[in-house]
Amino acid sequence: MNYAIDGGETGKSRLNVLGQAMNEYSVNALRKAGIRTGFKCLDAGCGGGMMTYEMANLVGVSGQVTGVDFDEEIIKLNKRELSDLQIQHISFQHTDIQTFNVEDEFDLIFARYLLSHLSNTKNVLSILVKALRPGGIILVEDVQFSGHICEPASEAFDAYLKWYSRVVELRGGDAELGARLPEMFVEAGLSHIGVQIAQPIGLTGPPKQMSLLTLDKIKIALLESKLTDESEFAKVRSQLESITHDVHTLMSIPRTFQVWGRKKA
Ligand SMILES: C[S@@+](CC[C@H](N)C(=O)[O-])C[C@H]1O[C@@H](n2cnc3c(N)ncnc32)[C@H](O)[C@@H]1O
């Protein structure tokens, strides 16, 4: 497993905060991309499934949404939650997207913050495009990590950005991928390509909490990769925690590219 951020139950609670910051922007992009009632959709790398539920809401009970993720624990938690809610048009599956082998199946595929963690992004994009029916829509959202905002500037925040990008890179990913997505869509033969940027930001609230939450979830990967040690990590974490709680500091989540296109009919 090359994923740098801890998953499972605590990973799911971090993703819930991410969803609180980002879901309204993702729903906006899904609408612009052309999601419709009755669509059969895939949420690739669904994590805790927050967008799977949003998509189910958009397609209605005549539609269907499948959330897939290779984190076995998170999929188990999602299935448990789903059975309590008794929603029939959602399902969750434990799947590695790199070996997903489905053809001409989905009306719409959504992948948020998945591709930047993978080394074979072009190949995975072609796997996703293959899974779309002719004329189907794909929406990918991913980061350009250097596009974060922290005002006033902070050395601890800069250390977090540098560590995150490096640890993702060491595991084969690319934390700058977002800006390259539109060209990848052209190369993949997609048409009707649209692009916009989303970047939730705040003096308080979910967008501001994300950096500290993410730093905590990459601690093991950072120590394993010897990018820092316990004492330096603790120093940076304490500074980041203090500016996170300081209402005079403005902080954003990563600049997020939202890119959509259509498979040729
Ligand atoms: C940053 S999280 C985003 C989760 C969700 N899309 C969201 O926006 O809330 C990335 C997710 O991709 C999953 N993932 C990473 N590599 C994967 C792979 N090869 N196949 C399936 N899922 C993968 C991780 O387990 C994690 O849940």
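I number residues from 1 along each chain as its sequence is written. I keep in mind that this is a predicted model, in which local features need pLDDT of at least 70 and side-chain atom pairs count only at pLDDT 80 or more, while totals for chains, interfaces and linings use all residues.

I found 21 residues around the ligand, the closest being Gly45, Gly47, Asp71, Ile97 and Arg112. Helices α1 (8-33) and α2 are the elements that give two or more residues to this shell; here helices (H or I, at least four residues) and strands (E, at least two) are DSSP runs, numbered from the N terminus. The most comes from α1, with three residues. By class, I noted eleven nonpolar, six polar and four charged residues in the shell around the ligand.

Next I asked why β2 is largely enclosed by the rest of the structure. I call a residue buried if 20 or more other C-beta atoms lie within 10 Å of its own, exposed if 12 or fewer, and partly exposed in between, with C-beta atoms placed from the backbone. Strand β2 (residues 64-69) is largely enclosed because six of its six residues are buried. Gln64, Thr66 and Val68 point one way from β2, while Val65, Gly67 and Asp69 point the other way.

For pairing I required at least two DSSP bridges between two strands. Strand β1 (residues 40-44) runs parallel to β2 and is joined to it by five bridges, and Cys41 stands opposite Val65. Between β1 and β2 the chain passes through helix α2 (residues 50-59) in a right-handed β-α-β crossover, meaning that, with the strands pointing away from the viewer, the path from the first strand over the helix to the second runs clockwise.

Strand β3 (residues 90-94) also pairs with β2 in the parallel sense, over five bridges, and there Gly67 stands opposite Phe92. The crossover from β2 to β3 goes through helix α3 (residues 72-85) and is right-handed.

**Helix α3**

I then asked which residues of α3 are buried. They are Ile74, Ile75 and Asn78, and they cover an arc of only 95° around the axis, which puts them on the same side of α3; the arc is that of the directions from the helix axis to the C-beta atoms. On the other side of α3 I noted Glu72, Arg80, Ser83 and Asp84 as exposed.

**Backbone angles**

Most residues other than glycine have a negative phi, and most peptide bonds are trans. I looked for exceptions. Asp104, in the loop between β3 and β4 (106-112), has a positive phi near 50°, and it counts as exposed because it has 11 C-beta neighbours inside 10 Å. Tyr113, in the loop between β4 and α4 (121-131), has a positive phi of about 55°, but it counts as buried because it has 20 such neighbours inside 10 Å. Finally, I found a cis peptide bond between Glu151 and Pro152, with omega about 0°; Pro152 lies in the loop between β6 (150-151) and α5 (155-170).

Methods. Near = placed C-beta within 6 Å. Nonpolar A, V, L, I, M, F, W, Y, C, P; charged D, E, K, R; others polar.
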